[in-house]
Amino acid sequence: MSRVRFLVNGAPAELDVPGMRRLLDVLREDLGLTGTKEGCGEGECGACSVLLDGQVVDSCLVPMSQVDGRIVRTVEGLALAARERGMLDTLQDAFLTFGAAQCGICTPGMLMAARAYLDAGGGPGSDTIREAIAGNLCRCTGYQKIVEAIAAVAAGDLA
Amino acid sequence: MTTRTMPRPAVAPERSAADALVLNPGAATRGRAAGFPRRREGPAKLTGAAKYTDDLVFPGAWYGATIRSTEARARLLAVELDPDVDWSGVVVVTAADIPGENLVASIKEDQPVLVPIGGEIRHHSEPVALLAGPNQATVRRLKSRIKLVTEALPPVFDPEASDHVFAAYEIGSTDVEAAFDGADVVLEGEYRVGHQEQLYIENNAMIAVPGEDGEMAVHGSLQCPYYVHRAMKKTLGLTATQARVVQAETGGGFGGKEEYPSIIALHAALLAGKCGRPVRMIYDRHEDIAATTKRHPAIVRHRTAARADGTLLAMDIDVVMDGGAYCTLTPVVLSRGALHAGGPYRCPSVRIRARATRTNTPPNGAFRGFGAPQTEFAMETHLNRLAERLGLSPAEIRRRNAYVLGDVTPTGQVLRESVAATEVLELAVEASEFERLRAATARAAAERSGSGTVPTSAFRSGAARTATGVGLALAWHGAGFTGSGEVHIGSVAAVELTAEGLVRVLVAATEMGQGTSTIFPIMVSGELGIPADAVEMAAVDTAIVPDSGPTVASRTAMVVGGLCIEAARRLRAEVEIRNAGRPFREVYLADAAAHGATRIEQQFEPYPGISFDDATYRGDAYPAFGWAACVARVEVDLDTAEVAVRDVVAVDDVGKVIHPILCEGQVEGGTLQAVGYATIEEIKLEDGRYLNDRLATYLIPTALDAPAMTTILVESPFSGAPHGAKGVGELPMDVGAPAVIAAIHDAVGVWITELPATPERILAALHGPGKAVA
């Protein structure tokens with residue numbers, strides 16, 4: 001067991017956990033943040049994507065020993081400001097409007113990958129968007145509407 | 001009447017004020033979904049609030065695990081618990097613990113819930129025993145201390161060598177030989193397709209919760225609540241009210257959660273019954289791929305007679321499907337595959353012989369398209385080869401043979417209405433500029449072949465590192481259940497005006513991403529003249545909703561939607577009559593307050609004039625057909641033979657578009673699954689075990705592998721459904737793979753007749769004897 005302190009969606013968390021416990025399990029089981037999903041447990045599908053200091057990571061591959069002192073952002077934190085007003089943020093809203101979420105199981109991870117892309121100044125070009133979400137598998141949409149939704153946000157069409 | 005919708009511009013006009021589902025009105029005013037309600041459960045999915053099975057918390061729940069066979073075929077002699085281990089803190093379940101019949105309710109009922117001692121293990125990863133304990137670490141540790149004692153038996157892996165036939169059909173003419181005499185051309189071909197994994201991103205998951213008075217509830221990821229319900233009654237010996245099935249948010253199904261959830265629910269319930277507490281049975285990806293159903297592999301042989309102008313004279317088609325170790329849904333998969341094997345083409349003499357046999361691999365089952373993608377891949381590729389042989393354009397040979405009104409199918413079905421084969425074909429050809437692209441790729445191929453520095457090399461031809469090709473395919477897909485399936489199940493749907501003044505839809509149709517929860521309120525509210533958001537969807541819980549049948553066969557919008565529309569019309573009439581003929585929308589709140597709840601149940605009635613003889617396979621195999629055309633453009637790397645599918649134009653006639661965005665989403669998603677089927681998705685087997693049973697080794701397309709897609713929706717309505725809908729889910733899956741294979745041929749000049757078209761297969765075809773090189 002080791003003491004790990006980090007920020008999750010803006011709130012401080014302090015836990016005694018085994019250093020090799022997966023961030024995914026801590027989020028889902030210890031903190032009740034079940035928005036982050038497990039799809040494969042080996043870093044292939046991206047359903048468990050979260051932001052670690054702003055970088056998109058597969059939380060199933062991140063041991064808690066690497067989380068100490070860092071900033072974690074999950075899908076629940078995406079609309080924090082907007083949700084207080086009962087709303088979605090621009091990216092979530094674009095996903096809904098364009099039909100970019102179907103079964104929804106890849107959606108939290110896909111949103112985080114898109115958020116990282118947009119926060120890094122990514123533009124509306126389809127090739128760079130596809131590159132940015134290539135680590136996130138979706139079996140429902142064919143990715144077409146996901147790319148369109150992210151492009152619309154990048155272009156400021158929905159801001 | 002046929003109308004069509006084209007893709008809308010990215011910026012659409014103002015939304016209608018009636019759409020109150022909007023959570024962020026500021027942004028939504030410029031959205032693409034203008035005029036249509038947004039996905040109903042969308043906000044919950046987008047904020048992470050939606051509860052999938054693994055997200056549900058049941059205090060005190062134990063964790064379940066399945067002990068599986070490690071041989072393809074063996075006699076089970078004993079299940080041994082390591083005597084050096086303390087087993088008091090866990091429960092173990094074997095076949096001896098099953099209170100009812102040790103069979104999974106299905107068509108033939110040959111599959112045990114758990115292999116009994118003395119019984120036969122018939123496939124690798126077959127469930128033999130179950131274990132549950134208070135935490136995952138204990139379960140993992142003890143699982144390896146349960147030993148199966150077996151005696152090996154010889155397995156069968158070749159479906160053509162197997163003598164156990166699950167189902168066989170013969171459709172059409174008994175004698176086609178005469179038609180081959182005097183034909184200008186006779187073409188033979190053999191086509192093979194392998195397993196395909198549904199690969200929903202949410203693995204199978206089920207939680208069983210024991211209740212009072214012998215009740216057992218299961219909460220899970222599933223398509224067909226009443227299939228699970230029936231299985232629980234049979235195997236657990238429960239009454240209809242003791243067994244309860246609740247659908248959790250479901251992360252994709254594609255057929256993979258049609259029949260397999262029954263066995264997982266039974267496993268969880270057996271453990272929960274024994275330990276007296278909730279049991280979580282959550283598969284990880286490895287277990288899900290290793291143990292659950294796949295698309296049936298198939299071998300399809302064609303022998304075709306045609307005139308020099310491309311007119312089809314005779315088709316003799318032989319289909320063999322590999323059912324795997326148990327029957328599951330194989331007879332109906334084979335039936336649909338056989339009925340679609342001749343494609344959407346007029347032909348005076350057709351014989352289709354089909355059989356499915358048993359092998360010692362995990363059972364194959366439902367997957368989007370349900371047998372049709374296998375046989376239509378063969379038909380389309382064969383027809384494209386025939387066009388090449390005759391020097392005809394792929395578009396032209398289809399123009400000359402595609403069904404039109406009045407044509408007769410191999411079962412003798414007269415196509416009386418809603419035939420849009422030619423229309424989808426022409427739209428796809430026009431929208432993709434198919435002939436212009438084809439001419440361009442032919443010029444490029446001619447240039448490459450004339451500039452090779454090493455004449456014998458398939459690849460060293462000038463500076464070009466890639467070759468572009470364009471391909472076309474056309475398909476039909478029977479709407480709803482095959483034959484008299486709908487009549488047999490007699491689905492019931494209900495629409496209710498509650499005492500509180502809510503309009504509620506009660507159906508067992510599940511939302512798994514395709515948009516069920518969004519389209520039903522649209523259909524019902526349209527009939528009642530009220531906003532869609534005034535219509536509520538009842539929770540999919542067998543304690544609440546009637547059995548409206550399984551969520552399969554693209555039947556939800558067409559059949560269950562039709563029932564809801566009829567129910568809504570009757571509700572409206574009843575309320576309006578009670579209120580002096582005033583419109584429903586003005587009086588329903590007051591009516592509910594004054595008269596309490598009004599519930600209308602609507603049961604399926606046969607579509608007028610539609611009949612099918614299951615014994616002879618003559619008659620109307622389907623009430624109507626959807627029609628699809630696909631043009632794919634690929635680039636083939638001339639050094640590595642890797643295929644990149646760049647663009648797809650998909651044209652799909654769905655009868656009636658209920659919601660354009662969701663409908664396009666079905667076409668795009670199905671198209672990409674077909675692209676994966678054509679190019680990369682493959683299960684490798686060794687001794688009956690799937691070798692690539694992980695997501696690191698079973699690959700599906702990423703965003704970088706996916707083509708840019710243009711979808712054109714066509715509405716050629718079916719008069720038997722009140723709204724004209726024919727379904728959309730499976731149609732795009734039938735047509736994408738042969739279009740990609742045709743495009744690969746157009747690029748490099750070889751026909752890949754076994755899916756997927758891996759670089760290895762393309763290289764082998766290019767370097768094989770007698771193969772033309774582009």
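**Exercise 1. Describe the order of helices and strands along chain A.**

Solution. Read along the sequence, chain A runs β-β-α-β-β-β-α-α-α-α-α-α. The tally is seven helices and five strands. Helices (H or I, at least four residues) and strands (E, at least two) are DSSP runs, numbered from the N terminus. The model is predicted: local features need pLDDT of at least 70, side-chain atom pairs count only at pLDDT 80 or more, and totals for chains, interfaces and linings use all residues. Residues are numbered from 1 along each chain as its sequence is written, while chains are lettered from A and ligands numbered from 1 in the order in which they are written.

**Exercise 2. Compare the radius of gyration of chain A with that of a compact globule.**

Solution. The radius is taken over C-alpha atoms, and the globule rule is 2.2 Å times the number of residues to the power 0.38. For 159 residues, a compact globule would have a radius near 15 Å; chain A has 15 Å, so the two agree. The C-alpha trace of chain A spans about 45 × 35 × 25 Å along its principal axes.

**Exercise 3. State which helix of chain B gives the most to the side that touches chain A.**

Solution. Two residues are in contact if their C-beta atoms, placed from the backbone, lie within 7 Å. On this basis, 50 residues of chain B are in contact with 49 residues of chain A. Helices H1 (25-28), H2 (42-47) and H17 (660-679) of chain B each supply at least two residues of the side of chain B that touches chain A. H17(B) gives the most, with seven residues.

**Exercise 4. Decide whether Val424(B) is buried or exposed, and list what it touches.**

Solution. First, Val424(B) lies in helix H11 (residues 421-432) of chain B. Next, a residue is buried if 20 or more other C-beta atoms lie within 10 Å of its own, exposed if 12 or fewer, and partly exposed in between, with C-beta atoms placed from the backbone. Val424(B) counts as buried because it has 30 C-beta neighbours inside 10 Å. Finally, leaving out residues up to four places away in sequence, Val424(B) touches Trp627(B), Ala628(B), Ala629(B), Val651(B), Asp652(B), Asp653(B) and Val714(B).

**Exercise 5. Find how far Val424(B) is from Pro546(B).**

Solution. In sequence, Val424(B) and Pro546(B) are 122 residues apart. In space, the C-alpha to C-alpha distance between Val424(B) and Pro546(B) is 37 Å.
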